[in-house]
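Me: I am new to this structure and would like to learn how to read its features one at a time. Can we go through them in turn?

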Amino acid sequence: MAQRLAEMMLLAKNNHAGQKYGEHDYFDYHILGVLSILTTLNEFKESGAGMMEDMMIVAVGHDIIEDTDITSENLVELGFDTFIINQIQFLSRDNQTSKERYIQLINKHPVAHAVKKADTLFNLNESLKINDQKRIKKYSEQLAKLSIVRH
C-alpha cells in the first residue's frame, strides 16, 4: 500500500472513531465500503495508476472535512498535496451550496466525481437493504445526475 494512502487511512480511522453508520463502525463499514465500490467502477479501472491512487486516497478521506474536526489546513500541515485536498473539499458540501450546484461542481472533477459516484452507490445499496423509500429516491436521483457526465 502506498504511503499517502496508508497515511489517509490512519487519519480517517482515528478521526471517524466513535462515529456510526447505522449500527456499524463508520470507517470500517462506510469508508471502506465506498473504497471497495470505487475499485469496481469503470472510471477507476480505466484510469492510470497515479489517478487510481488519488481516487483511493480521496475515497478514504471523502468525509474527513465534512464529518470530523479535520480541516483542509490540517491536511496541508500533514503533507497532503493540494490536488487531494481540493478533491476532498469538492466532496465536502457546506450549507450555503445548493445540492444542484454541489453536484455540478463535482461533475467537473473526475476524481471527486468517481468517489461521489461510489459514495452514492454505497448509500443507495444501504437504503435498498432497509427499504428506505425516501433515501432510495434521493440516491437514485443523485446517481442519475452523476451518471450522465462524461469527462
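Me: Let me start with one residue. Is leucine 78 buried, partly exposed or exposed?

Reply: This is a predicted model, and the values below are computed from it. A residue is called buried under 20% relative accessible area and exposed over 50%, with partly exposed in between. Leucine 78 has a relative accessible area of 46%, so it is partly exposed. Leucine 78 sits in the loop between α6 (72-77) and α7. Its C-alpha atom is 9.1 Å from that of glutamate 7, although the two are 71 residues apart in sequence.

Me: What is the mean pLDDT of the protein chain?

Reply: The general idea is that where pLDDT is low, the predicted coordinates should not be read in detail. Here the protein chain has a mean pLDDT of 94, with 97% of its residues at 70 or more. Among the figures for parts of the chain, confidence is lowest in helix α8 (residues 99-107), with a mean of 91, and highest in helix α2 (residues 26-38), at 98.

Me: What can be said about the backbone of asparagine 131?

Reply: Asparagine 131 is not a glycine, yet it has a positive phi of about 55°. This residue lies in the loop between α9 and α10. With a relative accessible area of 52%, asparagine 131 is exposed.

Me: How many aromatic pairs does a search of the whole structure find?

Reply: The search finds 4 aromatic pairs. To name the geometry of a pair, look at the angle between the ring planes: under 30 degrees is stacked, over 60 is edge-to-face and the rest is tilted. The rings of tyrosine 21 and tyrosine 26 have planes at 45° and centres 6.4 Å apart, so this pair is tilted. Tyrosine 21 is buried, at 13% relative accessible area, and tyrosine 26 counts as buried too, at 9%.

Me: How many residues does the largest nonpolar core have?

Reply: A nonpolar core is a set of buried residues joined through side-chain atoms. The largest one here has 43 residues, and Met8, Leu38, Val60 and Leu75 have the most contacts inside it. At least two residues of this core come from each of α1 (3-15), α2, α4 (49-61), α7 (82-91), α8, α9 and α10. Helix α9 supplies the largest share, 8 residues.

Me: Which residues are the closest to the centre of the largest pocket?

Reply: Start with the volume: about 330 Å³ of space lies in the largest pocket. It is lined by 20 residues, and Glu66, Lys116, Asp119, Asn123 and Tyr139 are the closest to its centre.

Me: Which helix gives the most to this lining, and what kinds of residue make it up?

Reply: Helix α10 gives the most to the lining of the largest pocket, with 4 residues. Each of α2, α5 (64-67), α8, α9 and α10 (133-147) supplies at least two. By kind, the lining divides into 10 charged, 5 polar and 5 nonpolar residues.

Notes. Residues are numbered from 1 along each chain as its sequence is written. This is a predicted model: local features need pLDDT of at least 70, side-chain atom pairs count only at pLDDT 80 or more; totals for chains, interfaces and linings use all residues. Side-chain values use heavy atoms; hydrogens and water are left out. pLDDT is the predictor's confidence in each residue, from 0 to 100. Rings of Phe, Tyr and Trp (its six-membered ring) pair if their centres lie within 6.5 Å; planes under 30 degrees apart count as stacked, over 60 as edge-to-face and the rest as tilted. Buried means under 20% relative accessible area, exposed over 50%, partly exposed in between (1.4 Å probe, protein chains only). On a 1 Å grid over the protein atoms alone, a cavity is a set of points where a 1.4 Å probe fits but cannot get out, and a pocket is an open set with protein on both sides within 12 Å along at least five of seven lines; lining residues have an atom within 4 Å of a point. Grid points are joined across faces, edges and corners, and a volume is the space filled by probe spheres set on the points. Ala, Val, Leu, Ile, Met, Phe, Trp, Tyr, Cys and Pro count as nonpolar, Asp, Glu, Lys and Arg as charged, and the others, Gly among them, as polar. A nonpolar core is a set of buried Ala, Val, Leu, Ile, Met, Phe, Trp, Tyr and Cys residues joined through side-chain atoms within 4.5 Å.
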